[in-house]
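Hi there,

Here is the structure I promised to pass on to you. Please open it beside this email and follow along as you read.

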Amino acid sequence: MANEYKKTMNLPKTDFPMRAGLAKNEPARLEKWYKEDVFGKLIEQNKDKTPFVLHDGPPYANGPIHIGHALNKISKDIINRYYSEQGYLTPYVPGWDCHGQPIEHKIEVKLGTEKFRKTPQAEIRRLCREYALENVDIQREGFKRLGVLGLWNNPYLTLNHDYEAGDVEVFKKIYLDGAIFKGRKPVHWCIHCETALAEAEIEYADVSSPSLYVKFFLIDKPEALKDLDKKLSVLIWTTTAWTLPSNSGVALNEDADYVVVIHENDAMIFAEELVETVIAQAEIEDYELYKVDGETLKFKGKDLVGLHYQHPTLEGETGRIIVADHVTLDGGTGAVHTAPGHGQEDYVAGIANGLEIRMPVKDDGSFDKGAGQFEGINIEDAVGPVLKFLKEKDELLVKKNIKHSYPHCWRCKNPVYFRATEQWFVSMDKAGLRESALEAMKDVKWYPEWSINRIGSMVRDRPDWTISRQRSWGIPIPVHHCKECGETIATEESFDAVIDLFRREGSDAWFTTEPKDYLPKDLTCPKCGAHAESFEPEKNILDVWWESGVSHTSVLDNYDLLSRPADMYLEGSDQPRGWFQSSLLTSVGAYGKAPYKSVVSQGFTVDEQGKKMSKSIGNVIDPNEIADTLGADVLRLWVASTDSSQDMSVSKSILERTSDAYRRIRNTFRFLLSNLYDFDPQTDAVSFDEMRLMDKWALARLNKLVAECKVAYENYRFHHVYRAVYAYVVSELSSIYMDALKDRLYSDAPDSLARRSAQTVLAEILSCMMSILQPILAFTVDEVFEYTPEGLKQGKDFAALISWYEPKLDDEKAATLQAQYDKAMELRDVVTKALEDARLHELIGKSQEADIVISAPQSYIDEFESEELIDNLNEFFIVHNTSFKPADEISVEVLKASGEKCPRCWNIRELGLDPDYPELCERCAHTLRRM
């Protein structure tokens, strides 16, 4: 008999598979997207709509994609898909950074250093280009596998001719405005890569260095010390012994007090405030302060200015005492060894005081003859010889090793050194770039809000930008030099000629074409009148951060559907010192405004313990591997589930948990589809007034869900979208509403008003969830879309083309129902606990066997005690009957329901009311009669 009745039930029915098989099925779906040109359809669909331009920050074309790449590209795709649903035109153009030292280094490793140095520059550039393009193809396929939609067949590459011309366009504007200059200043220099580095190319790591207290013996004596018969010195402190050959001054604090400390045959001048610290460091037990007439002799720093001392390492050379603002009494001796060629503060102080800028360090880090007896020694090997010399000359007072943070090259990971060289710079102050950039930031929306503080402090405190590099693979600095007189040739006409050359032939032509063949015939040297035959091109290339930074011109101005400023830049939290900043400075320098309207800054990916990912540790997550095992949608769901404003933990176990969450969501989609197999929204939908109250509650709940997710998407808090949806699916939809509906869906007549009411709302929930989750679960929602009733597809062929779900209730009506629903949920919490207790005491089996009596305040009774509402509460609580009695607090009594179980619907009902079906309840009998 049970099997007979089963045939009469409206049991779930769908071909939508329970098992996703993402790793197998996603590639086939991806192939279909590109065969059918889904991105092209999306652009065509919204071509007349307002653009939303999310400008892609170019990843470096070097190696397969990693988990950081996946986070970045998936985040951008989520945003673009969301704004597409909102009706915006989203012309996403992906790009790649194709120049720079890492690629050049790969070619050097491939050829070997000796062969590399003998290879012509044109050949090196050809090999670099091939390598970059190969890696663009590798990364492109990796990004497409993640479900990221974009103009993949026409990306921007920084080696493209039009892009390279854009580099020169921006250079021209900023140069002619007076903000670019050539000068000799200390810059970060990598002796391994043999090139200058910008701030954005520096990483910091701890190193151990010798902390030295060194005596610089004075040649001049202050008048008050004329009769002193000790060896008089000024005592300096340094942690960079290798810079001592470059010393030309000692800087003091102008207003600090300096004293003379007598120890054995030495008389050492240093800050009074630091005497005890220095004596402790030197482990000196017997010392005294020099006194005159019983009073300790003191000098202000400014009183000692101009005194000369013997150079600490160079025979016959001298240095001079100065005062400088950067000298503090936080540590050391209050007397700072000053080598203007090896530090920004030293350089500023040295220039202000006319100190010689000594630079005996060559490009490869070896000393030249200017370092005296240290000539030929590399600075990385110089500490030992320098210390030996200082000891022999009785100049070394203390040596102790200390651990401290030190700058390293982001490419080769070796320590870098400040070194004064001839470089090209963008001045932060000559044309007011610093202040203009700080002002332009205020017009930008920053996500999270506090990220403006980081880039603001960096721009406020940064030195001039070193934009020249001593390498082969990059965009040349587009100026010429007169061979006759050395004058720089950089005019509007010369720049325009280079722009035209690059647009036609690319920057390779700079290295193969004579200037006379592309410069204007009437262009002459402004100093000596020589013609282009006497011009030679600049040999240095531009910083890669400049190259990627000018994408606002090279890309946004060159693609038809893009525009400047972009609506958004989105990258990692290291980019306030990188792309965000280089883009800002070049845009403000060229156009006076920021290149973006908003900036989203994301944290880094780390493992479960918060450790940085490293192949040597073995905690690296390969997105390609995850896509091939768990599926790209699981990776996309992980991206959406994490707070990207801070560092994000990811591991295989975390992704397994994400996969579990994915299955909950997928099963919910399956339930929705399996109960809509006989539902056509055009003919079967029920009006709001005809719906059962529980269905109205469910419909009203969508207003809240949609509002929460819309706010979260538009603040780029994807994890709030995830939490809202997951909590709704698990805590309400699956465990309450869908569970309560089963009796109505399965047991009522197929076309009954009650069942159609439920299906109408399930269809709305399906549409809502597809809309909210399509940006995140791109593959899965597209799969769901294939099984969705035609009337819910908005006339579209792919889920990526659907519009954002608009709730069917106005906010006021939804709020009223939501308040009633919230009260029902309060009651349900108490009812659920009471039913669980009754089961434990074996009073009931299933909840349908229970009658419940709710004791509650009168306000609840007034809200729910009507016959219609009681009927809804019975369904909502899945009980036989509900009744109320007044009380101050809410409590529930559970009673065993009287009656028999209907063999068809398994509810406790009165049986035998229909003589044709005496074994069934009245509802089931009526249903069979209709069927």
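Below is what I found, going from one region to the next.

A word on the source: this is a predicted model, in which local features need pLDDT of at least 70 and side-chain atom pairs count only at pLDDT 80 or more, while totals for chains, interfaces and linings use all residues. Residues are numbered from 1 along each chain as its sequence is written, and side-chain values use heavy atoms, with hydrogens and water left out.

Let's begin with two helices. (Helices, H or I with at least four residues, and strands, E with at least two, are DSSP runs numbered from the N terminus.) Helix 5 (residues 101-111) packs against helix 7 (residues 121-145) at an angle of about 110 degrees, and their axes are 9 Å apart. Axes are lines fitted to C-alpha atoms, for helices over the stretch in contact, and angles run from 0 to 180 degrees between N-to-C directions. The two helices are therefore roughly perpendicular to each other, a label for angles of 65 to 115 degrees. Among the residues that meet here are Ile103 and Leu111 from helix 5, and Leu127 and Tyr131 from helix 7.

Next, look at His404, which sits in strand 18 (residues 396-409). Its side chain makes a polar contact with the side chain of Ser209 (2.9 Å). A polar contact is a pair of N or O atoms within 3.5 Å; within protein, one must be able to donate a hydrogen and the other to accept it, and residues adjacent in sequence count only if both atoms are side-chain atoms. Leaving aside neighbours within four places in sequence, the contacts of His404 (heavy atoms within 4.5 Å) include Ala205 and Thr239.

Three strands form an open sheet in the order 32-31-33, with mixed pairing; two strands pair if DSSP finds at least two bridges between them. Strand 32 (881-886) and strand 33 (891-896) are at the edges with a single partner strand each, so one side of each has no neighbour in the sheet. Strand 31 (residues 850-856) pairs with strand 33 in the antiparallel sense over 6 bridges, and Asp851 stands opposite Leu895.

Finally, helix 27 lies across strand 31, strand 32 and strand 33, at about 45 degrees to strand 33.

Happy exploring!

Note on methods: Parallel < 35°, antiparallel > 145°, perpendicular 65-115°, else oblique.
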